[in-house]
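Let's take a look at how some side chains pair up in a protein. Have the sequence and the 3D view open while you read.

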Amino acid sequence: MPVLHTLLRLGVPLLAAVALAPVPAPPAAAAPAIVPAPPAAVARPVAAGSVAVSASTAPAAFAEEPGWRAEPVSGSAGSSVRPYFYLAGPPGTVLEDRLALVNTTGQEHTVTLRGADAHNTAGGALAVRPARESTDAGSWISFGSGTTVKLPPRTRAVVPFTVTVPPASPPGDHPAAVVATEAGREAGVRVHLRVSGPALAALTVEDVAVRGRGAGRVVSYTLVNRGNVTLAPRLAIRAEGRFGEVAGRAPRAVPVELLPGRRVALTEPWPGAPVLDRVELTLTVTAPGGARATAAASVWCLPWGITGRTGAGLLALGGATAAALVLVRIRRSRRARREPADATAPAPARTPAPDHELTGASR
């Protein structure tokens, strides 16, 4: 599976991803288990509004409130903290897990919980949708003990929750998050949900272009996830000029986690761009699971100084030519107006009319 492959590649212990077996029905409501909280550093504040979701290699909470934090409950005693929730099961089943809310302050906090869909922003970052816009896996999450939790000072509350997968759910990844809110500020933990069934890893590369000048040139392109699983793409750029191959970009990981059905616009630095050449660029993108796509574009690489001077010279030459043509037209027009009124021109010769005899005599 791509997600498990990513875990192995990133060195995340498999023990951290707890295997959660489907259960026939949602568990009975249970009150949060509250225990004394371990000492912890004060978390950094975040601005109100949309919650930015971190990559799976980042800490569990993608945003944190001052004095309290949200994280998955560890799978077993002594195991490391999980960076996110991982759940998998067929359509029509109910999956369960537990969220930990830790209050490290000396005052009580009241936290509201909800599920939310996760998505890519236009630039590739991960974020969660508002409650009213969460119609996929985020809306499948429910909390048996209610959505409001009171955290006494220096305590840790364990909150069970379930994910009810609808019977008609399509297979593949359904990214979501568990979001905790207090006073308009939010913290959350990602939920990687995989619905059993055929997995398709597919993508396309579109809108390839080159922007900038000199050493600051960048290649812009758009990646589209056409499959049903999350992709960790790798990009390579090959550049072929009129005078042979030029420096492109060796294969490297793209700093984006591309969710199913999402489109992101990215740029790649191109420090090896030639000074003067016409280059054929070929972008090749691959991802685990067999996804592969290519796209090509042609671009002229010209030195901006020479290009600017040449353009200015051509513009000046064109202006001088146009002025000369206008001057010739004006002179011809003036000459045409003067010629009919010129009195010094000789009059045309006139042929005298023949004399007629009126005698009536015959000849």
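## Aromatic pairs

There are two aromatic pairs in this structure, which is a predicted model. A pair of aromatic rings is described by how far apart the centres are and by the angle of the planes.

Start with Phe85 and Phe161. Their ring centres sit 5.0 Å apart and their planes meet at 80°; an angle over 60 degrees counts as edge-to-face, so that's what this pair is. Phe85 belongs to strand S4 (residues 85–89) and Phe161 to strand S10 (residues 155–164), so the pair ties together parts that are 76 residues apart in sequence. Is Phe85 buried or exposed? Phe85 is buried, with a relative accessible area of 0%. Phe161 counts as buried too, at 1% relative accessibility.

## A cluster of rings

Phe161 also pairs up with Phe143. This pair is tilted, with 6.1 Å from centre to centre and 50° between the planes. Phe143 lies in strand S8 (residues 141–143) and Phe161 in strand S10, so here the parts tied together are 18 residues apart in sequence.

What about the accessibility of Phe143? The value is 10%, so Phe143 counts as buried, the limit being under 20%.

Now for the charged side chains: how many salt bridges does a search of the whole structure find? It finds nine. One of them joins Arg82 and Asp97, whose closest N and O atoms are 2.9 Å apart. Arg82 is in the loop between strand S3 (68–72) and S4, while Asp97 is in strand S5 (residues 94–103), so to speak a link between distant parts of the chain, 15 residues apart. Both Arg82 and Asp97 are buried.

## Partly exposed salt bridges

Arg263 and Glu206 form another salt bridge, at 2.9 Å from N to O. Arg263 is partly exposed, with a relative accessible area of 42%, and Glu206 is partly exposed with 21%. A network of salt bridges links Glu206, Arg226 and Arg263.

Glu240 and Arg238 make a salt bridge as well, with 3.4 Å between the closest N and O atoms. Glu240 is partly exposed at 31% relative accessibility, and Arg238 is partly exposed with a relative accessible area of 45%.

Definitions and conventions:
Residues numbered from 1 in each chain as written. Predicted model: local features only at pLDDT ≥ 70, side-chain atom pairs only at ≥ 80, totals over all residues. Heavy atoms only, no water. Phe/Tyr/Trp six-rings, centres within 6.5 Å; stacked < 30°, edge-to-face > 60°. Helix = DSSP H or I, 4+ residues; strand = E, 2+ residues; numbered from the N terminus. Buried < 20%, exposed > 50% of the residue type's maximum accessible area, 1.4 Å probe, protein only. Salt bridge = Lys/Arg side-chain N within 4 Å of Asp/Glu carboxyl O.
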